[in-house]
Amino acid sequence: MSSGSTRAAAPRSSHEGQQLPAPGSPGAPRPLRIVALLPAHNEAAVVHASIEALLAQERPLDRIVVVSDNSSDDTLAIARSYPGVTAIETVGNVHRKSGALTAAWLRFATDADLVVSLDADTELAPNAVGDWEREFLADPKLGAAASKFLTVKTGSLWTRLQRFEFAMWADYGLRRKSVPVVSGTGCMYRNLVLREVASRDDREGPWSYDSAVEDYELTYRIKRAGYACRTSPTVRAFTDAMPTLRALWGQRLKWQAGTVEDMLRIGFDRYTARCWLRQLGGAAAVVLRVVSPVILVLGIFLGAVHFNPLWLLIPLISILVDVKRVRQMPFRDRRDLLLAVSFVPNEILNTLRCIWYVQAWAIVLRTRLTGRHRDLWSRQYAAEGRG
């Protein structure tokens with residue numbers, strides 16, 4: 001099947017325009033219909049675990065759709081081996097994950113009430129679908145709910161750093177009661193708002209073909225439609241981390257550059273203001289990383305620097321916060337705690353973020369000046385060894 005060259009009319013749900021009623025309650029025309037979409041590109045090694053986690057949900061899904069997107073391995077055959085799973089493949093899809101999701105949504109999910117989006121290397125905890133459903137029933141203005149990501153594998157320093165970073169993101173989302181990006185790694189959408197986004201003239205479905213980070217653009221559209229985007233306090237998703245620095249670099253560079261491209265395309269408004277402030281914060285962090293060591297060395301050379309115990313206060317507070325986050329992580333071990341106490345995660349991650357920030361802006365600005373677009377998806381696939 002193709003990624004869709006003609007727009008399919010989205011059927012209206014019998015719940016459209018209303019708060020979703022609890023299944024079986026008075027006035028409920030039918031039980032809620034929940035469909036899971038799982039795009040996969042050369043994921044034969046991991047897709048079975050993601051499918052089995054969906055099949056094991058305490059609240060059964062009404063349909064599970066696996067989309068093998070331009071795969072050259074056994075992804076499609078593995079998906080088709082599971083009874084009750086709809087497995088399809090894209091033909092000639094040039095729109096990557098957005099094209100795969102759109103194709104599956106147009107064929108199988110336009111009349112759903114809620115839609116789960118899941119990466120092929122992610123496993124949802126058994127309570128995920130049921131807890132998400134209750135959250136959407138309780139809040140008619142909830143448009144999208146993210147999960148708390150965690151990687152269980154702890155083989156390398158890079159994997160542990162990502163465990164730490166995932167815990168930080170989850171903590172941030174819960175404290176702010178809002179998230180800048182609802183990651184399709186593991187989330188649920190209210191399909192009413194997906195239909196509203198899909199009705200725009202610049203797309204075939206909810207996911208934009210013009211964005212390298214379709215999750216950010218879709219989150220923006222959901223917020224513009226007047227809906228909230230939050231992290232679920234009870235839903236966990238266990239996902240693979242990038243196993244090497246090269247793979248991590250390819251992924252984060254795509255995220256950063258893609259987000260910058262979207263922000264420049266969208267412009268500044270109340271929904272992007274916080275993201276623009278984070279970009280300014282990134283620029284300030286880069287300047288401090290370059291200037292601070294120079295000032296310190298110069299001060300020592302001139303004899304103008306004298307140690308003050310108060311300088312230790314900020315790193316001490318940061319360490320205590322990091323230790324608290326790690327202690328809240330499931331499957332933590334002694335090495336995770338030692339990393340937090342050592343202050344290593346913050347220093348390494350902050351340094352890498354500064355480099356990614358500079359490189360991403362350089363890529364985006366060069367693209368705008370030359371008109372030559374860089375395929376960030378291909379770069380990430382190559383870094384991960386997925387071709």
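N70 lies in the loop between strand 2 and helix 2 (75-80), where helices (H or I, at least four residues) and strands (E, at least two) are DSSP runs numbered from the N terminus. Although N70 is not a glycine, its phi is positive, at about 50°. Most residues other than glycine have a negative phi. With a relative accessible area of 36%, N70 is partly exposed; on this scale buried means under 20% relative accessible area, exposed over 50%, and partly exposed in between, with a 1.4 Å probe and protein chains only.

The model is a predicted one, in which local features need pLDDT of at least 70 and side-chain atom pairs count only at pLDDT 80 or more, whereas totals for chains, interfaces and linings use all residues. Residues are numbered from 1 along each chain as its sequence is written, and side-chain values use heavy atoms, with hydrogens and water left out.

F331, found in the loop between helix 10 (313-327) and helix 11, also has a positive phi, of about 60°, although it is not a glycine.

| Residue | Relative accessibility | Class |
|---|---|---|
| N70 | 36% | partly exposed |
| F331 | 53% | exposed |
| F268 | 62% | exposed |
| Q57 | 5% | buried |

F268 is found in the loop between helix 8 (245-266) and helix 9 (273-302), and it touches A273 and W276, not counting residues up to four places away in sequence; contact means heavy atoms within 4.5 Å. Q57 is found in the loop between helix 1 (47-55) and strand 2 (63-68). With the same exclusion of residues up to four places away in sequence, Q57 touches L124, A125, P126, N127, A128 and V129. A polar atom of the Q57 side chain lies 3.0 Å from the backbone oxygen of A125, a polar contact being a pair of N or O atoms within 3.5 Å in which, within protein, one must be able to donate a hydrogen and the other to accept it, and residues adjacent in sequence count only if both atoms are side-chain atoms.

Turning to the sheet, eight strands form an open sheet in the order 3-2-1-4-7-6-8-5, with mixed pairing; two strands pair if DSSP finds at least two bridges between them. Strand 3 (85-89) and strand 5 (122-124) stand at the edges with a single partner strand each, so one side of each has no neighbour in the sheet. From one strand to the next the twist averages 30°. Strand 6 (residues 142-150) and strand 7 (residues 186-190) pair in the antiparallel sense over three bridges, and A145 stands opposite M188 in strand 7.

Helix 6 (residues 191-198) packs on the sheet, where it touches strand 4 (114-118), strand 6 and strand 7, and its direction makes about 80° with that of strand 7; axes are lines fitted to C-alpha atoms, for helices over the stretch in contact, and angles run from 0 to 180 degrees between N-to-C directions. Helix 6 is largely enclosed by the rest of the structure, because seven of its eight residues are buried, namely N191, L192, V193, L194, R195, V197 and A198. The cover over these buried residues includes helix 3 (96-108), strand 4, strand 6, strand 7 and helix 7 (214-224).

Helix 5 (residues 157-176) and helix 11 (residues 334-342) pack at an angle of about 75°, with their axes 11 Å apart. The two helices are therefore roughly perpendicular to each other.

Definitions and conventions
Angles under 35 degrees count as roughly parallel, over 145 as roughly antiparallel, 65 to 115 as roughly perpendicular and the rest as oblique.
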